[in-house]
Amino acid sequence: MLAAAAVVNGYLFFAVPNVELVTATVAVAGLLLGPGYGFAVGVVAYAIFGAFNPLGSSMAVPTMWAAQMLGQGINGLLFGLLRHRLNASQGQSRIAAFASMGLLVTLIYQILLSFSFYIIMPMEGKTMIAFLVTGLVFSLTQIAVNTLIFALVVPVAVHRLRKLPGFDS
């Protein structure tokens, strides 16, 4: 169910480059369900969203698709592993913890994505620098937006979802 929610949330902002709710939804899955299911939700969600992305299927570049699935799997895994610590945090430290984790998982995702392109198109020197600089605006946008989403939205979503039957652990 949370993998489906992540896919649907992926379509909400698909027309705005690097503004997305998939990462936050997968993190919520890890927080609610633990590391194993969090990883699975991340992989399944991006397997589907990447394959049927309205801006172009990731399946056309298998290394990118694999990096996206792995990145979201790591996201769900990390939030699942740290769920007790994150859920126990309070006040400003809670906001800072969620924001920091959002920044971290988005940075990991962006690094994996950049590396996936390097695998199929090895670059050196100025070509590599030009490639990284060209994508920097998009990467920084996603990192900044996700940091805000993780600070302001994810803790509230987890708090409210925990009140539902089946998510009260």
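Helices here are DSSP runs of H or I with at least four residues, numbered from the N terminus. With that in hand, let us walk through this predicted model, starting from a single side chain.

Asparagine 75 sits in helix H4, which spans residues 62-81. Is this residue buried or exposed? Its relative accessible area is 1%, and buried means under 20%, so asparagine 75 counts as buried.

What does the side chain of asparagine 75 meet there? One partner is the side chain of glutamine 72, with which asparagine 75 makes a polar contact at 3.0 Å. Another is a backbone atom: the oxygen of threonine 23 lies 2.8 Å from a polar atom of the asparagine 75 side chain. If you set aside the neighbours within four places in sequence, asparagine 75 is in contact with Thr23, Val26, Ala27 and Val105.

Now let us move to helix H2, made up of residues 22-33. The axis of H2 comes within 10 Å of the axis of helix H8 (residues 154-161), and the two cross at roughly 45 degrees. Angles under 35 degrees would count as roughly parallel, and those from 65 to 115 as roughly perpendicular; H2 and H8 are therefore oblique to each other. The crossing of H2 past H8 is right-handed.

Which residues meet where these helices pass? From H2 come Ala24, Val28, Leu31 and Leu32, and from H8 come Val154, Ala157, Val158 and Leu161. Sorted by class, this contact of H2 with H8 holds eight nonpolar residues, with no polar and no charged ones.

Conventions. Residues numbered from 1 in each chain as written. Predicted model: local features only at pLDDT ≥ 70, side-chain atom pairs only at ≥ 80, totals over all residues. Heavy atoms only, no water. Axes fitted to C-alpha atoms, helices over the stretch in contact; angles between N-to-C directions. Parallel < 35°, antiparallel > 145°, perpendicular 65-115°, else oblique. Left-handed = near helix turned anticlockwise from the far one by under 90°. Contact = heavy atoms within 4.5 Å. Nonpolar A, V, L, I, M, F, W, Y, C, P; charged D, E, K, R; others polar. Buried < 20%, exposed > 50% of the residue type's maximum accessible area, 1.4 Å probe, protein only. Polar contact = N/O pair within 3.5 Å; in protein donor to acceptor, adjacent residues only side chain to side chain.
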